[in-house]
Amino acid sequence: MDEPMPAPTENPRSGLRRKSTAQAADRLSAIIAQEKGAARAVEGKATLDERMASLAAALRRARVENADHSAALADLRAAEIARLEILADALAPVLAQVPADCDIFDVAVSPSERPRLFIDQIGFVEMDRDRRTYRFLQDTRHGRVTLIESEKIDALVDAVTNYIAHRLIERERALAIDYASGGAARALRVDSAAQSAGEVGALRGKAFQAFLFVVEFLGSAAFFGMLAVIALWAYRTYIAH
């Protein structure tokens, strides 16, 4: 009879290898779990401003897509207005840095027959005939000139930013010239004269009110004195006798 084969003995090295493999798998699972937890924490810490910025970007993309797919003649004007509003939204951070006492920039979309985005009274942006190209124009003493033409909003934002900067410098120079020529002093004198005239007018008004009060008081005293004289005469004439 054949003798049974002895059971193979387990190699200690293979047992250690399986144990180290299991430990490595456990460590990898722990690392993956930590990364997922960190990602959830970062996602949970998203601020309201970031979500609003994402929504604003989505709205801009939707407007551009709607403008690109607008083929009907009635939608062309709406597409132009949408593109100009996108540019106005992109210019909002630049306009927020304009000094508060400067009122020469009134950026708004004019939904007329030819929609335009006005930067100030002499500069505006309109769409070209293809409804995709922005044209930044300025009215000058020598006629209307084109400052830039581009389909990219970033190029228009840069051009309008430079335009606003130059306009602010022109404003500062005009104020400096006015001050040097005595315009500021004249304005100050005019303000002082107006303030003095206002104070004089207020004093006159108060004096007139006091005069009316005195007249009314004297009139009331005379009226009641007359009534007293009449009552005394009637008493002596008809009652005393």
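This report describes the strands, the nonpolar core and some side-chain contacts of a predicted model.

## Overall layout

The protein chain holds 5 helices and 5 strands, and when these elements are read along the sequence they follow the pattern α-α-α-β-β-β-β-β-α-α. Of the 241 residues in the protein chain, 17% are buried. The accessible surface of the protein chain amounts to about 18700 Å², and carbon and sulfur atoms account for 60% of that surface.

A further view of the chain comes from its contacts. Among contacts between residues at least 6 apart in sequence, 43% join residues that are at least 24 apart.

## How the strands pair

Strand β2, which covers residues 116-118, is joined to β3 by 3 bridges, and the two strands run antiparallel. Within this pairing R116 stands opposite E126 of β3, and the two strands form a hairpin that has 4 residues between them.

Strand β3 also pairs with β4, again in the antiparallel sense, over 5 bridges. Here the bridge partner of F124 is L137 in β4. The hairpin formed by β3 and β4 has 6 residues between its strands, and R131 in the turn has a positive phi of about 65°.

Strand β4 (residues 134-140) pairs in turn with strand β5 (residues 143-150), and this antiparallel pairing extends over 7 bridges. One of its residue pairs is D139 with R144, the latter being the bridge partner in β5. With 2 residues between them, β4 and β5 form a hairpin as well.

The surroundings of V125 can be listed residue by residue. Not counting residues up to four places away in sequence, V125 touches L84, L87, P115, R116, L117, Y134, R135, F136 and L156.

In soluble globular proteins, nonpolar side chains tend to be buried together. In this model the largest nonpolar core has 20 residues, and those with the most contacts inside it are L87, I119, V125, F136 and I164. The elements that give two or more residues to this core are helix α3 (73-95), strands β3 and β4, and helix α4 (153-180). Helix α4 gives the most to the core, with 7 residues.

## Aromatic pairs

A search of the whole structure finds 2 aromatic pairs. F118 and F124 form one that is tilted, with 5.6 Å from centre to centre and 45° between the planes.

Because F136 lies in strand β4 and Y163 in helix α4, the pair ties together parts that are 27 residues apart in sequence. F136 counts as buried at 0% relative accessibility, and Y163 counts as buried at 8%.

The side chain of R135 makes a polar contact, at 3.3 Å, with the side chain of E149.

Leaving aside its neighbours within four places in sequence, R135 is in contact with F124, V125, E126, D128, T146, I148 and E149.

Terms used. Residues are numbered from 1 along each chain as its sequence is written. This is a predicted model: local features need pLDDT of at least 70, side-chain atom pairs count only at pLDDT 80 or more; totals for chains, interfaces and linings use all residues. Side-chain values use heavy atoms; hydrogens and water are left out. Two strands pair if DSSP finds at least two bridges between them. Buried means under 20% relative accessible area, exposed over 50%, partly exposed in between (1.4 Å probe, protein chains only). Contact means heavy atoms within 4.5 Å. Accessible areas come from the Shrake-Rupley method with a 1.4 Å probe; for residues, only the protein chains shown count as cover. A nonpolar core is a set of buried Ala, Val, Leu, Ile, Met, Phe, Trp, Tyr and Cys residues joined through side-chain atoms within 4.5 Å. Rings of Phe, Tyr and Trp (its six-membered ring) pair if their centres lie within 6.5 Å; planes under 30 degrees apart count as stacked, over 60 as edge-to-face and the rest as tilted. A polar contact is a pair of N or O atoms within 3.5 Å; within protein, one must be able to donate a hydrogen and the other to accept it, and residues adjacent in sequence count only if both atoms are side-chain atoms.
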